[in-house]
There are 4 protein chains.
Amino acid sequence: MVDTTADSDLLDLRKGRPAAGQDPVKRAQIIEGARRVFIDKGFEAASMNDITREAGVSKGTIYVYFENKEELFEALIEEERGTIFKNMYEVLDHFEDLRKTLVKFGTGLSIKITSAKVIQAQRTVVGAADRIPELGARFYERGPKRGHDKVVSFLNEAIARGLLEIPDVDLGAYQFTELCLAGLFRQCIFSYRTKAPSQAEIEKIVTSGVDVFLKAYGTEKFFAEERASASA
Amino acid sequence: MVDTTADSDLLDLRKGRPAAGQDPVKRAQIIEGARRVFIDKGFEAASMNDITREAGVSKGTIYVYFENKEELFEALIEEERGTIFKNMYEVLDHFEDLRKTLVKFGTGLSIKITSAKVIQAQRTVVGAADRIPELGARFYERGPKRGHDKVVSFLNEAIARGLLEIPDVDLGAYQFTELCLAGLFRQCIFSYRTKAPSQAEIEKIVTSGVDVFLKAYGTEKFFAEERASASA
Amino acid sequence: MVDTTADSDLLDLRKGRPAAGQDPVKRAQIIEGARRVFIDKGFEAASMNDITREAGVSKGTIYVYFENKEELFEALIEEERGTIFKNMYEVLDHFEDLRKTLVKFGTGLSIKITSAKVIQAQRTVVGAADRIPELGARFYERGPKRGHDKVVSFLNEAIARGLLEIPDVDLGAYQFTELCLAGLFRQCIFSYRTKAPSQAEIEKIVTSGVDVFLKAYGTEKFFAEERASASA
Amino acid sequence: MVDTTADSDLLDLRKGRPAAGQDPVKRAQIIEGARRVFIDKGFEAASMNDITREAGVSKGTIYVYFENKEELFEALIEEERGTIFKNMYEVLDHFEDLRKTLVKFGTGLSIKITSAKVIQAQRTVVGAADRIPELGARFYERGPKRGHDKVVSFLNEAIARGLLEIPDVDLGAYQFTELCLAGLFRQCIFSYRTKAPSQAEIEKIVTSGVDVFLKAYGTEKFFAEERASASA
DNA sequence: GATGAATGAGCATTCATTCAT
DNA sequence: TATGAATGAATGCTCATTCAT
């Protein structure tokens, strides 16, 4: 009410009670409870009571932080997406050896996407996408789509360097991604596979996928350079 | 339990009334109603009343034929799977021109899998897969998996004929399928795409996919034959 | 199940279970429970659970018979209105002695409108009219308004017979009704009076009200006839 | 309880901070917020949060000044009553031309009582009267009843002057008031009329009402004087 | 064996009230 | 003393399931 101290900064460090719906700790607590319940049961089957119990906050409090069930779910997915796709594309930022980069990136991508946690999250989004299509769309747009764009950029760079020749880069990027996941995504999401593929399996798939990709799109120059560096 | 006594109701013209939950006509009738409702609304949003109405049978009767909503859904999916993947693989049965066959098969596959109806069904299965993992597994196993096996056979035939050279045929088959769907499956299932891709788009993707596949795995012999038939 | 007997008539007398939402006994039971609760607590404060308990039927059943709380309340009011205003206007149907008829009618009207039960019902409607104005409007329209129209007809008859002379018959009818209730309605509805006025009190008020009304609107002819019949 | 100690907070410039729930300024502020919300939404639909916002005080503070929602509402009605009926009866204080005075008073009364705001307030009181009968009673007693007494006084004055002859003055006063409202009150309170009647309509009703009243109760002397002043 | 009326636990959401700060 | 974040009982309503007919 009076004179906040002079060193009051961008971060409000006062120990005072945070404003309604503003306490990030409580927010995180709710999201964490929601994660457990939504991931475990799916959107429809999850009840706000379950979340209340799991989060250890009262019903009313949840509704202070989130307008309704749908918005809470969206917030969770937003978080989840952030976590999932974080750092996934860094390896594409510094252009070095083409094949190695593609393998490294493809491996990281496949591991992430087929990890148990991420598969469950994706299943939940897919299940909810039926009733809230925008939600699924938003998830795709800000997750996989963004990644796709990064791949396109990277491929363009390789084309500029004369290492690749791709008639339709956009399509090429999709092909690359799919080759890295060959079969895994569908197997996981339909729970035909009940646990994530091993690193070895993924590496085998990705190596082969990259091989196919490069055989199709690699230029003479690329193969010449590869032979040269191999004999070196 | 089967033969009801001779004084069986005059109205029942079939040979003896079937035991409770045993009449296959009624069963089909229920499944048909369930199909319309589940596909239209998804598992959670579908109400047993809707199904009752759509199937034209009473609530009680449904519960004689199926333990509960979940079991009815499972039965439907079992059926649906059969319908979806039926005839999809016929084109692979008669080996003719390799590239043309692959394109034709790939196109049919992509159209089917990305059709609104099938995407809906898959979304529902995925959504439910979390709670009933066997359901998703069974769906995959008897649907996509069986198709995959057909592709493997076909590729083996092509290898036998010296047209392809594939180190890991199983993996190659996955790669082929994924190349035909490049990006579409994920876009559809997350409802980033809200309607099925056009035939033209699919054809473009499949043509490119087959091209990549053949560049990677086609033998000298294959390309020689292709050049020959082209110049003919 | 087949062949309802030949004498099946307009009234379905079968003892079979009535269709959903069609059993008039159950309907009456629900309405009766609703009456007790709504009248006791008012629209908002009455809970569907209370009504469930009071009516001795399950929640679901109420919702089979009535779309929602509001509609249940409307149905109750509809009934209530019917009960309240039934037979109230019969006395106006056979034109006899003017003054006597007016007194008789006015007395009946006042007794009805100020009876504890009716006052409570009106209070409930008024309380609800705030949130559901159409409801109050409908109550007025089909209750008091209809009565008002009957009074207008009656007064027109009297005018035609040369017994009354009223510049604005519509207004005259309102004046008559208000004179019969002089003060009572407001006193009752605000619960300034906690019990219904006595018959004696009402008779006194009505007699006086009719007197005022006739002094204002009675014709020479009317008074002449009255004098004549008095001296007879 | 009143005198807080000398070291009272520097910020409080008033003579000692009032004891909890004792500051009349804050009390008025709360009542004012409550007025806006209760009148706008009715008792049930008004939320304490709305009032908090409208009054600009905290939830806790309201609960220091008023035990609960009901009590706050009661306090408001107490106030409101004062406001509504204030100045309504001034016109009766100076006896001048009888007919004109009655018309003027009747018009003012009808306009007030049928104004949207006042109807709203009355509806709310009526709605609540069932649960808190004393509230309605007190409202009537200190509002309409007090007005009624003023009318009685005025009529007695007119009787004393030989202008009126009324066997039962108390009843006459009720009759007069009702004649001025002929039909309007019930129409408004049941929301059959959704907006207040026009000044013209009220004037017509009141003029007619006063006419009826005077025809019934006016003395020879009154009519003689009126004829005289008319011909003057 | 079939029916569909009835059930009541369950849902998402609101809001009067409390109490730590 | 004043605050407003947190509470959780209560709301209207739905729907999978049961069981008397």
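Predicted model: local features only at pLDDT ≥ 70, side-chain atom pairs only at ≥ 80, totals over all residues.
Local features need pLDDT of at least 70, side-chain atom pairs count only at pLDDT 80 or more, and totals for chains, interfaces and linings use all residues. Residues are numbered from 1 along each chain as its sequence is written, chains are lettered from A in the order in which they are written, and side-chain values use heavy atoms, without hydrogens and water.

Contact here means heavy atoms within 4.5 Å. Between chain A and chain B, 49 residues of chain A are in contact with 47 residues of chain B. The area buried between chain A and chain B is about 4400 Å², and carbon and sulfur atoms give 64% of that area; buried area is the accessible area (1.4 Å probe) that two parts lose on being put together, summed over both.

The rule finds 2 salt bridges across this interface, a salt bridge being a side-chain nitrogen of Lys or Arg within 4 Å of a carboxyl oxygen of Asp or Glu. B:Lys204 forms a salt bridge with A:Asp168, with the closest N and O atoms 2.8 Å apart. On the side of chain A that touches chain B, 25 residues are nonpolar, 11 polar and 13 charged; Ala, Val, Leu, Ile, Met, Phe, Trp, Tyr, Cys and Pro count as nonpolar, Asp, Glu, Lys and Arg as charged, and the others, Gly among them, as polar.

| Chain pair | Closest C-alpha atoms |
|---|---|
| chain A and chain C | 21 Å apart |
| chain B and chain D | 31 Å apart |

UniProt, in an unreviewed entry, places the feature "DNA-binding region" at residues 47-66 of chain A; such annotations may be inferred rather than shown by experiment.
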